[in-house]
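User: Please take a close look at one part of this model. I would like the contacts of a single residue first, then the core and the sheet.

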Amino acid sequence: ALTGTSSSPVPNKPSVLWSHTVGKKIVSSPVISRGMVVIGGSGVFALSVSNGKRLWSFPSSNSFDAPPLIHDGAVYIGDIAGTFYSFDLAGGAVRWKYTTDEQFAGSANAVPGKGLIVAGCYDNRLYAFDARGNVAWKFETDNYINGSAAVSEDRIVFGGCDGILHALSFSGEKRAAIEVESYIPSSPAVISARAYTGNYGGYFI
């Protein structure tokens with residue numbers, strides 16, 4: 001996940017096929033699976049890819065700015081109030097939720113073969129949730145975690161506003177901490193045992 005590559009073709013002349021209102025503003029990015037597009041806004045919305053018809057929604061007074069993660073028939077996403085949710089993809093029922101004191105700005109990611117979902121939070125922690133929403137472990141940094149964690153064959157890699165590119169084992173143990181001199185607001189891409197990211201200092205690393 002988060003390899004920075006895609007095999008999907010792009011149309012030569014893109015055009016608007018449909019539109020759907022999901023709130024006053026949209027910061028979240030859409031994710032597509034099983035003929036559905038899921039996006040955050042003033043709640044969480046699942047729409048038909050073909051015609052934009054609303055299939056289910058979870059209205060909320062709190063905005064969902066983070067992109068959703070779709071994994072094994074579930075949607076994972078956190079809101080700006082600090083609650084992280086798991087929804088059933090097919091019908092939108094809340095499977096579980098976990099509340100922190102700060103917002104979730106980046107997408108979650110799945111750890112293959114471990115049954116874990118990892119998500120960074122503005123409380124400076126990277127959380128690892130199990131299938132029931134229990135916290136399997138959490139890793140504390142020195143500042144906000146704004147982007148998403150990338151997951152490779154045996155590492156979880158993420159940056160934060162502490163100016164460090166972190167690498168953890170799947171059990172949450174620190175494997176590396178590389179100082180990059182400035183905030184890392186984005187999500188790293190990992191491929192062929194290498195991580196790529198940018199920082200607020202204007203460097204691509």
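**A buried threonine and its surroundings**

Analyst: This is a predicted model. Beyond its neighbours within four places in sequence, Thr 197 is in contact with Leu 165, Ile 184, Ser 186, Pro 188, Tyr 203, Phe 204 and Ile 205. Thr 197 sits in the segment after β18 (194-196). Its relative accessibility is 4%, so Thr 197 counts as buried, the cut-off being under 20%.

Two of these partners lead on to Phe 158. Leu 165 and Pro 188 are in contact with Thr 197, and Phe 158 touches both Leu 165 and Pro 188. Residues up to four places away in sequence aside, Phe 158 also touches Leu 126, Phe 139, Thr 141, Ile 145, Ser 148, Ala 149, Ile 164, His 166 and Leu 168.

Phe 158 belongs to the largest nonpolar core, which has 14 residues. Phe 158 is among those with the most contacts inside it, together with Val 118, Leu 126, Trp 137, Ile 156 and Leu 168. Two or more residues come from each of β10 (116-120), β11 (125-129), β12 (135-140) and β14 (156-159). In soluble globular proteins, nonpolar side chains tend to be buried together.

Now the sheet. Four strands form an open sheet in the order β5-β6-β7-β8, with antiparallel pairing. β5 (69-71) and β8 (94-99) are at the edges with a single partner strand each, so one side of each has no neighbour in the sheet. From one strand to the next, the twist averages 15 degrees. β7 (residues 83-88) runs antiparallel to β8, and five bridges join them. Phe 84 has Tyr 98 in β8 as its bridge partner.

Note on methods:
Residues numbered from 1 in each chain as written. Predicted model: local features only at pLDDT ≥ 70, side-chain atom pairs only at ≥ 80, totals over all residues. Heavy atoms only, no water. Buried < 20%, exposed > 50% of the residue type's maximum accessible area, 1.4 Å probe, protein only. Contact = heavy atoms within 4.5 Å. Pairing = 2+ DSSP bridges. Axes fitted to C-alpha atoms, helices over the stretch in contact; angles between N-to-C directions. Core = buried A, V, L, I, M, F, W, Y, C linked by side-chain atoms within 4.5 Å.
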